[in-house]
Amino acid sequence: MVCASRDAPRTAAVLRMDGIDKRFGQFQALSDVSLELFAGEVHCLLGENGAGKSTLCNVVFGVHQPDAGSMWLDGAPYQPHSPRDALAHGIAMVHQHFSLVEDVSVLDNLLLGQVRGWLDRKREAQRVRALVADLGLALEPDARVADLSVGEKQRVEIVKCLIREPRLLVLDEPTAVLLPAEIDALLDTCARVVARGCAVVLVTHKLAEIRRIASRATVLQSGRVVARSSTPSADVDTLVRAMIQRPGNEGHELNREADHDAKPAPLKPRSASPYARPLADEALQIDGLTVRDADGVTRLEDCTLVVNRNEIVGIAGVEGNGQSELGAVLAGLQRASAGRFFVQGKDCTQAAPQMLTKVGVGVVPEDRHAVGCVPDMSLTENLFLNRLDDYTRRGFMRRRAMRRDARALMQRFDVRAASPDVAFRGLSGGNQQKAVLARELTLEGLAVLVAAQPTRGLDVGAVAAVYEHIRAARDRGVGVLLISSELDELMAVADRVLVMYRGRIMGTCVPDASQLNLQRERIGAWMAGQTA
Ligand SMILES: Nc1ncnc2c1ncn2[C@@H]1O[C@H](COP(=O)(O)OP(=O)(O)OP(=O)(O)O)[C@@H](O)[C@H]1O
């Protein structure tokens, strides 16, 4: 546990922001935000999805220019007109989404845009190795980025920033896609970085991270600062309350308070029998699905399982153990090398995504940016992407009807955006996720929902709402396959949990609150490949 930064001596702020306003069209994303960031400190930025955290980071990093207010860097006026300008001023940022070139090496990615003229690769590789060792990170400069895990890619992004020796490092939700061990490593890196005198801004929804690392915290709500703390680990409850409270409905919002890690659904005791719920017919039947990659490596092996109507089946496992391939095959995005799957008895093994939509398969993909949306289209179009035909008459789009229905979906799923007409790429990360969920959960004739990491990047309130939507779908007869790397989530929501390891199903467990510790141990062993 590292907390060296907490008592760092106070000096003048590295960066001071005074009365920052930012509008997108008519939408006020930031209002009168003032903030001070100090060397040797981790400053956590908190707030619901769409509160303005990324926008604020982007103002600091020169992606957006503020409409009002001023910034001061080490006491001098600071008005970055581009990220390049921010970098030149010693400010670096890791965004929510990776910006690496997949087909080249780690080293090439690290040096991209930095080196002009002749490059001494050997010397640069040594410099990278030294920095990486100093930060306690495991990273091989010659590895190809495409072969790295998500956690390793995140490390490359961070090293890419640190190699420039910034005085301020902005990390916009860097842990959303990481596994627990990777998060630990990242927080240790943060602690080391601040110990060297750097200031760090960390955007996070995870309360354990605030407790562990934050020197200071600021809460944004609807673009305004609503709370600050210089002792965040002691004030977590108050900060969460400030984050989710709305003027006029405090009582209601406080019910959503959660003093744990952004996964607020309580664990409810369950019946010991997996079949206490009346079993109707099978929604999804998977029979011996096998996926081999281009190199002939088996990624998914002889996967056989059934998801019944009115049932949520969870798939647990460390990421990279075949879950992605299973999700991709069921979404029609990848062909199986062997085996078949049936949706309500119909063989869909060769079906394309459009056909799967027709037979009632909703898919929340793990990477919504790659397959779940079209960023340049509007929010409305993305909400109805899989049913645009329903809104087309004689070759014309019925835009008014679409907009009306989009508004209704936005309200029902709490998708917060200035209007249904905004470009999807303009939505906050969490609101994009909510929009994809809204589209898939409201698919007409939904029979099977395949949801991979559906709560990734969502705030505490939104996570609870997603669990409710998934349970409601189950209760109206949908069979849900919930793929998640969060064991707590699966134990709270799923009726059965299957554990995958190296492409195989290792075991099944019916979550039971009275045996939770025992079950977690067993699942942990399966996740590590132990069968006994
Ligand atoms: N380029 C843009 N164009 C239009 N609106 C935008 C743009 N960028 C952000 N917004 C809007 O500003 C608001 C704040 O978004 P922001 O991404 O800053 O939220 P956030 O707090 O980071 O949320 P999350 O936790 O979901 O990532 C959102 O309503 C979003 O739709």
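Here is a tour of a predicted model, with something to select at each stop.

**Stop 1: salt bridges.** The structure holds 27 salt bridges, and we'll visit a few of them. Start by selecting Glu102 and Lys153, whose closest N and O atoms are 3.1 Å apart. This bridge links distant parts of the chain: Glu102 sits in the loop between strand E6 (91-94) and helix H3 (106-111), while Lys153 belongs to helix H5 (residues 150-162), 51 residues apart. Glu102 is partly exposed at 34% relative accessibility, whereas Lys153 is buried at 13%.

Next, pick Arg129 and Asp142, a salt bridge at 3.8 Å, N to O. Arg129 is in helix H4 (residues 121-134) and Asp142 in the loop between H4 and H5, so the bridge ties together parts that are 13 residues apart in sequence. With a relative accessible area of 52%, Asp142 counts as exposed; Arg129, at 39%, counts as partly exposed.

Now jump to Arg403 and Asp421, where the closest N and O atoms of the salt bridge are 2.8 Å apart. What does this one connect? Arg403 is partly exposed at 29%, and Asp421 is partly exposed at 41%.

Before moving on, select Glu48, Asp414, Arg416 and Lys434 together: they are linked in a network of salt bridges.

Stop 2: Show helix H15 (residues 429-441). Is H15 buried or exposed? Of its 13 residues, 13 are buried, so the helix is largely enclosed by the rest of the structure.

**Stop 3: an aromatic pair.** The count of aromatic pairs comes to 1. Select Phe384 and Tyr391 to see it: the rings are tilted, with 4.9 Å centre to centre and 45° between the planes. Phe384 is buried at 2% relative accessibility, and Tyr391 is buried at 9%.

**Stop 4: two arginines with positive phi.** Most residues other than glycine have a negative phi. Select Arg394, though, and you'll find a phi near 45°. Arg394 lies in the loop between strand E17 (392-393) and strand E18 (396-397), and at 77% relative accessibility it is exposed.

Finish at Arg502, which has a positive phi of about 45°. Look for Arg502 in the loop between strand E21 (496-501) and strand E22 (504-509); at 60% relative accessibility, Arg502 counts as exposed.

How values were computed: Residues numbered from 1 in each chain as written. Predicted model: local features only at pLDDT ≥ 70, side-chain atom pairs only at ≥ 80, totals over all residues. Heavy atoms only, no water. Helix = DSSP H or I, 4+ residues; strand = E, 2+ residues; numbered from the N terminus. Buried < 20%, exposed > 50% of the residue type's maximum accessible area, 1.4 Å probe, protein only. Phe/Tyr/Trp six-rings, centres within 6.5 Å; stacked < 30°, edge-to-face > 60°. Expected span 1.5 Å × (residues − 1). Salt bridge = Lys/Arg side-chain N within 4 Å of Asp/Glu carboxyl O.
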